[in-house]
Amino acid sequence: MTTIRETAGLDAAVAALDAARSVSVICHVQPDADTIGSGLALALVLHRRGTPVWVSFAEPANLPMSMTALPGVRHLVAPAEVPAEVDLLVTVDCGSVGRLGALADRLPGAATTLVIDHHRSNTRFGAINLVDPGAESTTSVIARLLDAWGMPIDSEVAQCLYAGLVTDTGSFRWVRPGTHDLAERLLATGIDGAEIARTLLDTHPFGWLPMLSRVLGTAQLAPDVRGGVGLVYAFVRRADVDGMRSEEIESVIDIVRTTAEAGVAAVFKESRTVPNRWTVSLRSRDSGPNTGDGIDVAEVATELGGGGHRFAAGYTAYGTPDDLVGALVAVLG
Ligand code: AMP
Ligand code: MN
Ligand code: MN
């Protein structure tokens, strides 16, 4: 099938969704609540219009447990069930083709492709690209898209959109004018914001506490990195996370990044399946001590083969702990 090149924009996105007779929605690998909330919100709206829709992500095999209560999960299918050919393929919260994992192979079979995202590093790999690096979450972009399309946001859709908004803003810490207006609008549909936040961000098994003890015990401070900006880092080794969910592992960076003496924070997370493979979370900040005018960690992550946002980014790396730290420090300078 041919892919039509189109310019960015809301109008093109609305037209594509409106015309599509079948839609696949691909979320990013190791999905978070922003990509899943975006995908399920779109699926709910499309399904109500009678448009066949499949939502999927390439890996891991299961949806993070904290997201299983989101409305629309019935539209989630295993990667193998995503049709090879479809009218419209939409990617949500994916900054590059690599974020689709093995499902990137569905791109050529789509008559057209629509990329909906908010990553600064987005490579605009769609025929239509609706990318707003200023948006606090991809679900915020979806809300704007639904408004432009004239699709009402009911409580089920609102719950999905709120899930991405509350998580990507760090519980409304990283906000901009309009963030709270959107939150208010979503809450006014009757959803339980406290419950959504508690389920997604604030509930861990007891084993999380001893896990944190081991992991935080690996923390190191390298104060001289980037001319004194400083780097703080910790390792989540495979042996530390027996029985833990991705929710417990992903929580670690939010503790490590609070270190006042470092403007950059990194957490190296060892793969449970592939030896010597690590996923790395990077964070920086634009105010407070040791910010170095706000290190752009998206740039750092991109140089290391990943991507992300200015203050939150990630990449995948291979090697020993010393290799990993060495490579990161070499890029940071
Ligand atoms: P995380 O630390 O996994 O929460 O990721 C922080 C940000 O960086 C998110 O916006 C991710 O989408 C992005 N990111 C993480 N890992 C990668 C990667 N391997 N490639 C591109 N972007 C990534
Ligand atoms: Mn995401
Ligand atoms: Mn996001």
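In the predicted model, the manganese ion (ligand 3) and the manganese ion (ligand 2) lie 3.8 Å apart, with D93 coordinating both. The protein donors of the manganese ion (ligand 3) are D34 (OD), D93 (OD), H118 (NE2) and D168 (OD), placed 2.1 to 2.3 Å from the metal. Along the chain, these donors follow the spacing D-x58-D-x24-H-x49-D. H118 belongs to the loop between β4 (110-117) and β5 (128-131), whereas D168 is part of helix α4 (residues 155-168), so the pair ties together parts that are 50 residues apart in sequence. Accessibility was computed for both members of this pair: H118 is buried, its relative accessible area being 3%, while D168 is partly exposed at 24%.

The manganese ion (ligand 2) is coordinated by H28 (NE2), D32 (OD) and D93 (OD), at 2.0 to 2.3 Å. The sequence spacing of its donor residues is H-x3-D-x60-D. H28 is buried, with a relative accessible area of 2%, whereas D32 is partly exposed, with a value of 27%.

The axes of helix α3 (residues 138-149) and α4 come within 8 Å and cross at roughly 145°. On the α3 side, the contact is formed by T139, S140, I142, A143 and L146; these residues meet V157, C160, L161, G164 and L165 in α4. By residue class, the contact of α3 with α4 comprises 7 nonpolar and 3 polar residues and no charged ones.

Cysteine pairing was examined with a cut-off of 2.5 Å between sulfur atoms, and the count comes to 0 disulfides. For C94, the nearest cysteine sulfur is that of C27, at 7.1 Å, and C94 is in no disulfide. C94 is buried, with a relative accessible area of 0%. C160 is likewise in no disulfide, and the nearest cysteine sulfur, again that of C27, is 10 Å away. C160, one of the α4 residues in the contact with α3, also counts as buried, at 0% relative accessibility.

Conventions: Residues are numbered from 1 along each chain as its sequence is written. Chains are lettered from A and ligands numbered from 1 in the order in which they are written. This is a predicted model: local features need pLDDT of at least 70, side-chain atom pairs count only at pLDDT 80 or more; totals for chains, interfaces and linings use all residues. Side-chain values use heavy atoms; hydrogens and water are left out. Donors are N, O and S atoms within 2.8 Å of the metal (3.2 Å for Na, K and Ca); water is not among the atoms, so sites may look incomplete. Helices (H or I, at least four residues) and strands (E, at least two) are DSSP runs, numbered from the N terminus. Buried means under 20% relative accessible area, exposed over 50%, partly exposed in between (1.4 Å probe, protein chains only). Axes are lines fitted to C-alpha atoms, for helices over the stretch in contact, and angles run from 0 to 180 degrees between N-to-C directions. Contact means heavy atoms within 4.5 Å. Ala, Val, Leu, Ile, Met, Phe, Trp, Tyr, Cys and Pro count as nonpolar, Asp, Glu, Lys and Arg as charged, and the others, Gly among them, as polar.
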